[in-house]
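Biologist: Hi! Could you walk me through the domain interface in this one?

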Amino acid sequence: MRPFEYARAGEASEAVSLGGRFIAGGTNLLDLMKLQVETPDKLVDITRLPMRDIEATDDGGLRIGALVTNSDLAADKRVRDDYPVLSRALLAGASGQLRNKATTGGNLLQRTRCGYFYETSQPCNKREPGSGCGAIGGFNRIHAILGTSDKCIATHPSDMAVAMQALEASVETLKADGSTRTIPLIEFHRLPGDTPEIETVLEKGELITAVRLPKSLGGTQIYRKVRDRASYAFALVSVAAIVKMKGGEIEWARLAFGGLAHKPWRDTAVEDVLKGQAPSRALFDRAADALLAEAKGHGENDFKIPLARRTLVSVLAEATQGA
Amino acid sequence: MITLTINGEEHRLDVDPRTSLLDACRDHLGLTGSKKGCDHGQCGACTMLVNGRRINSCLTLAVMHEGDEITTVEGLGEPGNLHPMQAAFLEHDGFQCGYCTPGQVVSAVGMLGEVADGWPSNASKDLQNGAELSGEEIRERMSGNLCRCSAYPNIVDAIETAAKTTKEPA
Ligand SMILES: Cc1cc2nc3c(=O)[nH]c(=O)nc-3n(C[C@H](O)[C@H](O)[C@H](O)COP(=O)(O)OP(=O)(O)OC[C@H]3O[C@@H](n4cnc5c(N)ncnc54)[C@H](O)[C@@H]3O)c2cc1C
Ligand code: SF4
């Protein structure tokens with residue numbers, strides 16, 4: 001690990017004025033610093049900031065402090081009752097030890113698990129812009145099939161963020177100049193394009209202070225994660241689904257996908273196929289057609305295209321059963 | 001200089017900010033019970049309790065833990081005065097080479113605390129009501145601790161036994 005200066009912030013305003021890389025749970029940043037994939041000169045410890053609360057908002061939703069741990073969020077009674085898809089996604093991620101450290105803000109900003117990104121002897125446009133992409137034409141079993149570019153085909157590894165995408169969450173931030181803003185999660189992560197090293201719309205030194213969830217819309221909520229092991233493995237494909245039935249028809253559906261793209265994926269065209277329709281295998285297949293119309297495999301990850309279809313069909317069947 | 005509270009004792013130490021909590025304990029304080037396996041949060045051999053919650057001590061910096069209550073396997077019990085979890089691992093032969101054992105024991109103690117607090121797991125059918133501690137629940141909740149000797153069946157038995165002892169204190 002490269003040497004760095006360490007500073008501890010007591011308040012959010014202090015954290016943004018110290019100028020340095022924020023460290024929260026440290027479970028992603030330190031992992032990458034040990035490998036010198038990340039080499040910050042200065043770390044600003046934000047773990048003492050008062051951002052550990054989950055509060056009810058005026059509009060009937062929840063405001064989750066950026067430092068709320070993945071464990072505490074998954075176990076929160078209101079989340080379990082009103083946003084079960086989020087509890088399920090969190091519980092399907094990482095391990096008990098990691099969830100006790102991992103924070104809401106850090107989880108959103110965790111970096112890809114692409115092997116070339118992790119291995120500094122290999123080319124990777126995300127780690128070293130302009131060096132090429134080792135995964136294109138290389139080992140790419142875990143890589144993206146949607147929204148890729150010829151510069152990068154990495155996926156975003158978070159489970160939590162997939163559920164939050166289906167829940168239409170938004171991210172509250174504080175900038176170095178003291179101003180604040182609220183960014184809809186759908187606009188928060190970027191596709192790789194020509195600059196895969198830029199992963200979100202955050203500015204340098206911008207601090208995530210909270211994540212907001214709108215009032216729960218109820219519905220049947222499911223998080224299905226398909227992976228190589230039954231526990232403690234990243235998603236190959238995951239689906240977060242919220243489906244509301246009315247009189248034997250799908251009133252509406254909200255769907256988000258993990259393991260498929262550089263960001264937690266949501267495509268409302270898929271939801272439009274389902275809206276107002278009676279559930280059937282043929283309908284679910286049409287939804288999958290909409291999801292995968294532009295999907296492109298890169299060799300080792302070709303299997304993700306049929307796997308995403310089967311996972312979506314299975315989740316929709318479960319969500320609409322008994323209708 | 002930083003001050004760390006480990007197993008109820010305060011220690012003053014001079015560490016480079018790069019020092020992980022694991023290395024601070026092992027290399028600076030001679031607390032070598034916690035093991036370094038992968039050093040990347042993947043194996044669980046370094047598990048410690050911080051303020052009662054289990055974490056991977058390899059993926060956190062010692063300087064970040066001033067004021068926290070840290071417990072290592074040494075703080076759970078010692079020969080002659082074993083913690084019920086340590087005794088259960090002995091009784092059930094919950095190890096072969098023993099390298100992952102301190103992490104397994106500390107993690108299992110932390111895990112039982114989470115169950116006592118009503119936390120669900122990915123194996124829980126019902127999110128709302130606390131889960132019965134079945135073998136399936138134990139395996140899911142302990143998946144962050146790997147055992148290269150694959151002593152898993154005996155580890156699960158040991159934890160089941162210890163869970164009963166801690167539920168009905170003597
Ligand atoms: C072995 C292993 C298995 C895992 N498995 C899974 C899995 O199955 N599913 C899954 O979803 N995740 C998994 N993870 C990833 C884990 O969820 C993340 O490491 C964790 O959520 C990151 O949160 P953190 O608080 O530790 O972030 P940190 O490591 O502290 O920070 C991560 C990044 O976020 C920035 N940051 C942190 N907080 C803020 C803030 N408030 N404002 C602005 N920037 C901030 C940091 O500067 C850094 O760039 C796994 C990790 C490991 C090591
Ligand atoms: S897929 Fe992206 S992260 Fe992986 S090697 Fe290519 S550029 Fe790097």
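Modeller: Domain 1 of chain B and domain 2 of chain B bury about 1300 Å² between them, with 53% of it on carbon and sulfur atoms. Buried area here is the accessible area (1.4 Å probe) that two parts lose on being put together, summed over both. This is a predicted model, where local features need pLDDT of at least 70, side-chain atom pairs count only at pLDDT 80 or more, and totals for chains, interfaces and linings use all residues. Residues are numbered from 1 along each chain as its sequence is written, chains are lettered from A in the order in which they are written, and side-chain values use heavy atoms, leaving out hydrogens and water.

Biologist: Which residues of domain 1 of chain B lose the most area to domain 2 of chain B?

Modeller: Those are R53(B), R54(B) and V73(B), together 46% of what that side buries.

Biologist: And where are the domains of chain B divided?

Modeller: Domain 1 is 2–74 and domain 2 is 84–165, with bounds from an automatic or database domain assignment. Their C-alpha centres lie 21 Å apart.

Biologist: How many salt bridges are there between domain 1 of chain B and domain 2 of chain B?

Modeller: Two, a salt bridge being a side-chain nitrogen of Lys or Arg within 4 Å of a carboxyl oxygen of Asp or Glu. The side chain of R53(B) forms a salt bridge with that of D117(B), at 2.8 Å, N to O.

Biologist: Nice. How many residues are in contact on each side, domain 1 and domain 2 of chain B?

Modeller: 15 residues of domain 1 touch 18 residues of domain 2, where contact means heavy atoms within 4.5 Å.
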